[in-house]
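Trainee: I would like to go through this entry and ask what lies behind each label.
Mentor: Good. Have the sequence and the structure open first.

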Amino acid sequence: GSSSRARGDKPDALAALQAANEELRAKLTDIQIELQQEKSKVSKLEREKNQEVKQIKEHEQHKSTVVVTELKVKLHEDKMKELQAVRETLLRQHEAELLRVIKIKDNEIQRLQTLLNAVRDGAPDKVKTVLLSEAKEEAKKGFEVEKIKMQQEISELKGAKKQVEEALTMVIQADKIKAAEIRSVYHLHQEEITRIKRECEREIRRL
(Lines give C-alpha, C1' and ligand atoms only; values in the text may rest on other atoms or scores of the structure.)
Protein backbone atom coordinates (compact mmCIF):
# COMPACT_ATOMS: atom_id res chain seq x y z
CA GLY A 1 0.00 0.00 0.00
CA SER A 2 2.82 2.42 0.86
CA SER A 3 4.67 1.56 -2.38
CA SER A 4 1.56 2.31 -4.44
CA ARG A 5 1.21 5.64 -2.65
CA ALA A 6 4.88 6.45 -3.42
CA ARG A 7 4.30 5.60 -7.08
CA GLY A 8 1.23 7.82 -7.04
CA ASP A 9 3.12 10.75 -5.43
CA LYS A 10 5.91 10.76 -8.05
CA PRO A 11 3.73 11.85 -10.98
CA ASP A 12 2.14 14.52 -8.78
CA ALA A 13 5.57 15.87 -7.75
CA LEU A 14 6.77 15.75 -11.31
CA ALA A 15 3.67 17.57 -12.51
CA ALA A 16 4.09 20.19 -9.77
CA LEU A 17 7.75 20.61 -10.71
CA GLN A 18 6.86 20.98 -14.38
CA ALA A 19 4.13 23.47 -13.50
CA ALA A 20 6.58 25.49 -11.37
CA ASN A 21 9.12 25.31 -14.19
CA GLU A 22 6.55 26.56 -16.70
CA GLU A 23 5.55 29.33 -14.31
CA LEU A 24 9.22 30.38 -13.93
CA ARG A 25 9.66 30.31 -17.68
CA ALA A 26 6.55 32.45 -18.09
CA LYS A 27 7.84 34.90 -15.48
CA LEU A 28 11.27 34.96 -17.17
CA THR A 29 9.60 35.65 -20.51
CA ASP A 30 7.59 38.47 -18.91
CA ILE A 31 10.74 39.91 -17.34
CA GLN A 32 12.58 39.71 -20.68
CA ILE A 33 9.69 41.46 -22.42
CA GLU A 34 9.59 44.12 -19.71
CA LEU A 35 13.38 44.51 -19.92
CA GLN A 36 13.13 44.99 -23.68
CA GLN A 37 10.37 47.55 -23.15
CA GLU A 38 12.52 49.42 -20.62
CA LYS A 39 15.43 49.39 -23.04
CA SER A 40 13.17 50.81 -25.73
CA LYS A 41 12.00 53.49 -23.30
CA VAL A 42 15.62 54.40 -22.45
CA SER A 43 16.51 54.58 -26.15
CA LYS A 44 13.47 56.73 -26.81
CA LEU A 45 14.38 59.04 -23.90
CA GLU A 46 17.93 59.33 -25.20
CA ARG A 47 16.66 60.19 -28.68
CA GLU A 48 14.25 62.75 -27.25
CA LYS A 49 16.96 64.30 -25.08
CA ASN A 50 19.42 64.44 -27.98
CA GLN A 51 16.75 66.05 -30.15
CA GLU A 52 15.94 68.53 -27.39
CA VAL A 53 19.63 69.38 -26.90
CA LYS A 54 19.98 69.83 -30.67
CA GLN A 55 16.93 72.10 -30.77
CA ILE A 56 18.25 74.13 -27.81
CA LYS A 57 21.65 74.47 -29.51
CA GLU A 58 20.03 75.58 -32.75
CA HIS A 59 17.77 77.99 -30.87
CA GLU A 60 20.69 79.48 -28.92
CA GLN A 61 22.77 79.75 -32.08
CA HIS A 62 19.86 81.50 -33.77
CA LYS A 63 19.50 83.87 -30.81
CA SER A 64 23.23 84.55 -30.89
CA THR A 65 23.07 85.23 -34.63
CA VAL A 66 20.12 87.58 -34.09
CA VAL A 67 22.01 89.44 -31.33
CA VAL A 68 25.10 89.79 -33.52
CA THR A 69 22.94 90.96 -36.45
CA GLU A 70 21.15 93.50 -34.26
CA LEU A 71 24.48 94.78 -32.96
CA LYS A 72 25.78 95.09 -36.53
CA VAL A 73 22.62 96.93 -37.58
CA LYS A 74 22.89 99.24 -34.56
CA LEU A 75 26.57 99.85 -35.33
CA HIS A 76 25.66 100.65 -38.94
CA GLU A 77 22.89 103.02 -37.82
CA ASP A 78 25.25 104.72 -35.37
CA LYS A 79 27.84 105.09 -38.11
CA MET A 80 25.21 106.57 -40.44
CA LYS A 81 24.18 109.04 -37.74
CA GLU A 82 27.81 109.86 -37.12
CA LEU A 83 28.42 110.37 -40.85
CA GLN A 84 25.36 112.60 -41.09
CA ALA A 85 26.62 114.66 -38.14
CA VAL A 86 30.08 114.88 -39.75
CA ARG A 87 28.47 115.89 -43.06
CA GLU A 88 26.49 118.66 -41.37
CA THR A 89 29.57 119.77 -39.47
CA LEU A 90 31.62 119.87 -42.68
CA LEU A 91 28.86 121.86 -44.38
CA ARG A 92 28.86 124.41 -41.58
CA GLN A 93 32.65 124.51 -41.70
CA HIS A 94 32.52 125.01 -45.46
CA GLU A 95 30.07 127.89 -45.10
CA ALA A 96 32.27 129.42 -42.39
CA GLU A 97 35.30 128.91 -44.62
CA LEU A 98 33.56 130.70 -47.50
CA LEU A 99 32.74 133.63 -45.24
CA ARG A 100 36.33 133.66 -44.03
CA VAL A 101 37.66 133.63 -47.61
CA ILE A 102 35.32 136.46 -48.58
CA LYS A 103 36.51 138.44 -45.58
CA ILE A 104 40.15 137.71 -46.49
CA LYS A 105 39.53 138.83 -50.07
CA ASP A 106 37.93 142.06 -48.85
CA ASN A 107 40.93 142.67 -46.60
CA GLU A 108 43.25 141.88 -49.51
CA ILE A 109 41.46 144.42 -51.70
CA GLN A 110 41.76 147.01 -48.96
CA ARG A 111 45.44 146.14 -48.52
CA LEU A 112 46.16 146.46 -52.22
CA GLN A 113 44.28 149.70 -52.33
CA THR A 114 46.45 150.96 -49.43
CA LEU A 115 49.63 149.83 -51.21
CA LEU A 116 48.48 151.47 -54.44
CA ASN A 117 47.90 154.71 -52.58
CA ALA A 118 51.35 154.40 -50.92
CA VAL A 119 53.02 153.86 -54.34
CA ARG A 120 51.17 156.86 -55.76
CA ASP A 121 52.41 158.91 -52.79
CA GLY A 122 56.00 157.84 -53.63
CA ALA A 123 56.92 155.97 -50.43
CA PRO A 124 58.70 152.67 -51.48
CA ASP A 125 60.24 152.04 -48.02
CA LYS A 126 56.83 152.23 -46.43
CA VAL A 127 55.45 149.80 -49.01
CA LYS A 128 58.28 147.32 -48.33
CA THR A 129 57.71 147.48 -44.58
CA VAL A 130 53.98 146.94 -44.93
CA LEU A 131 54.44 143.99 -47.30
CA LEU A 132 56.95 142.28 -44.98
CA SER A 133 54.74 142.74 -41.93
CA GLU A 134 51.69 141.41 -43.75
CA ALA A 135 53.61 138.40 -45.08
CA LYS A 136 54.70 137.44 -41.57
CA GLU A 137 51.17 137.86 -40.21
CA GLU A 138 49.66 135.78 -43.03
CA ALA A 139 52.19 132.98 -42.50
CA LYS A 140 51.43 132.91 -38.77
CA LYS A 141 47.65 132.82 -39.36
CA GLY A 142 47.96 130.07 -41.95
CA PHE A 143 50.06 127.92 -39.59
CA GLU A 144 47.56 128.33 -36.73
CA VAL A 145 44.61 127.46 -38.98
CA GLU A 146 46.30 124.29 -40.28
CA LYS A 147 47.29 123.31 -36.75
CA ILE A 148 43.70 123.64 -35.48
CA LYS A 149 42.29 121.66 -38.43
CA MET A 150 44.76 118.82 -37.90
CA GLN A 151 43.98 118.69 -34.17
CA GLN A 152 40.25 118.48 -34.95
CA GLU A 153 40.77 115.67 -37.49
CA ILE A 154 42.92 113.68 -35.03
CA SER A 155 40.27 114.09 -32.30
CA GLU A 156 37.47 112.93 -34.64
CA LEU A 157 39.47 109.88 -35.77
CA LYS A 158 40.18 108.90 -32.15
CA GLY A 159 36.48 109.16 -31.30
CA ALA A 160 35.44 107.01 -34.28
CA LYS A 161 38.08 104.39 -33.45
CA LYS A 162 36.91 104.20 -29.83
CA GLN A 163 33.28 103.65 -30.88
CA VAL A 164 34.23 100.82 -33.25
CA GLU A 165 36.37 99.14 -30.55
CA GLU A 166 33.53 99.36 -27.99
CA ALA A 167 31.02 97.85 -30.44
CA LEU A 168 33.43 95.01 -31.28
CA THR A 169 33.98 94.31 -27.56
CA MET A 170 30.19 94.11 -27.03
CA VAL A 171 29.80 91.60 -29.89
CA ILE A 172 32.64 89.39 -28.61
CA GLN A 173 31.26 89.49 -25.03
CA ALA A 174 27.76 88.55 -26.24
CA ASP A 175 29.18 85.56 -28.19
CA LYS A 176 31.08 84.35 -25.11
CA ILE A 177 27.97 84.59 -22.90
CA LYS A 178 25.82 82.66 -25.40
CA ALA A 179 28.47 79.95 -25.80
CA ALA A 180 28.69 79.52 -22.01
CA GLU A 181 24.89 79.23 -21.75
CA ILE A 182 24.80 76.57 -24.49
CA ARG A 183 27.53 74.53 -22.75
CA SER A 184 25.69 74.78 -19.42
CA VAL A 185 22.38 73.58 -20.91
CA TYR A 186 24.13 70.72 -22.71
CA HIS A 187 25.85 69.53 -19.50
CA LEU A 188 22.56 69.68 -17.58
CA HIS A 189 20.85 67.51 -20.21
CA GLN A 190 23.74 65.04 -20.20
CA GLU A 191 23.46 64.72 -16.41
CA GLU A 192 19.70 64.19 -16.72
CA ILE A 193 20.20 61.45 -19.32
CA THR A 194 22.80 59.75 -17.09
CA ARG A 195 20.45 59.92 -14.12
CA ILE A 196 17.58 58.38 -16.12
CA LYS A 197 19.88 55.59 -17.34
CA ARG A 198 20.95 54.77 -13.78
CA GLU A 199 17.34 54.70 -12.60
CA CYS A 200 16.35 52.38 -15.47
CA GLU A 201 19.28 50.09 -14.76
CA ARG A 202 18.38 49.93 -11.06
CA GLU A 203 14.76 49.19 -11.96
CA ILE A 204 15.84 46.48 -14.42
CA ARG A 205 18.10 44.85 -11.83
CA ARG A 206 15.29 45.05 -9.30
CA LEU A 207 12.94 43.29 -11.72
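**Labels and cut-offs**

Mentor: Start with H189, which is buried, with a relative accessible area of 12%. Keep in mind that this is a predicted model.

Trainee: Why is H189 called buried?

Mentor: Buried means under 20% relative accessible area. H189 has 12%, so H189 is buried.

Trainee: Where is the place of H189?

Mentor: In helix α2. That helix covers residues 124-206. The chain has two helices and zero strands.

Trainee: What makes the approach of H189 to E52 a polar contact?

Mentor: The two side chains are 3.4 Å apart. The cut-off for a pair of N or O atoms is 3.5 Å, so the pair qualifies.

Trainee: Which residues is H189 in contact with, leaving aside its neighbours within four places in sequence?

Mentor: K49, E52, V53 and I56. Contact here means heavy atoms within 4.5 Å.

Trainee: How do you know that E52 forms a salt bridge with K49?

Mentor: The closest N and O atoms are 4.0 Å apart. The rule asks for a Lys or Arg side-chain nitrogen within 4 Å of an Asp or Glu carboxyl oxygen, so the pair counts. E52 and K49 both lie in helix α1, residues 2-120. They are three residues apart, about one turn of the helix.

Trainee: Are E52 and K49 buried or partly exposed?

Mentor: One of each. E52 has 34% relative accessibility, between 20% and 50%, so E52 is partly exposed. K49 has 17%, under 20%, so K49 is buried.

Trainee: What makes E97 and R100 a salt bridge?

Mentor: Their side chains meet at 2.5 Å, N to O. That is within 4 Å, so the label holds. E97 and R100 are three residues apart in helix α1, about one helical turn.

Trainee: Why are E97 and R100 called partly exposed?

Mentor: E97 is at 34% relative accessibility and R100 at 35%.

Trainee: How many salt bridges does the structure hold?

Mentor: The structure holds 13.

Trainee: What share of the chain do buried residues make up?

Mentor: They make up 11% of the 207 residues. The accessible surface comes to about 17,100 Å². Carbon and sulfur atoms account for 58% of that surface.

Trainee: How many cavities of 30 Å³ or more does the structure hold?

Mentor: One. The largest cavity has about 40 Å³ of space.

Trainee: Which residues line the largest cavity?

Mentor: V42, L45, E46, K49, I193, I196 and K197. K49 also forms the salt bridge with E52. Helices α1 and α2 each supply at least two lining residues. Helix α1 gives the most, with four residues.

Definitions and conventions:
Residues numbered from 1 in each chain as written. Predicted model: local features only at pLDDT ≥ 70, side-chain atom pairs only at ≥ 80, totals over all residues. Heavy atoms only, no water. Buried < 20%, exposed > 50% of the residue type's maximum accessible area, 1.4 Å probe, protein only. Polar contact = N/O pair within 3.5 Å; in protein donor to acceptor, adjacent residues only side chain to side chain. Areas by Shrake-Rupley, 256 points an atom, 1.4 Å probe, with all protein chains shown as cover. 1 Å grid on protein atoms, 1.4 Å probe; cavity = no way out; pocket = protein on both sides within 12 Å on 5 of 7 lines; lining within 4 Å. Points joined across faces, edges and corners; volume = space filled by probe spheres on them.
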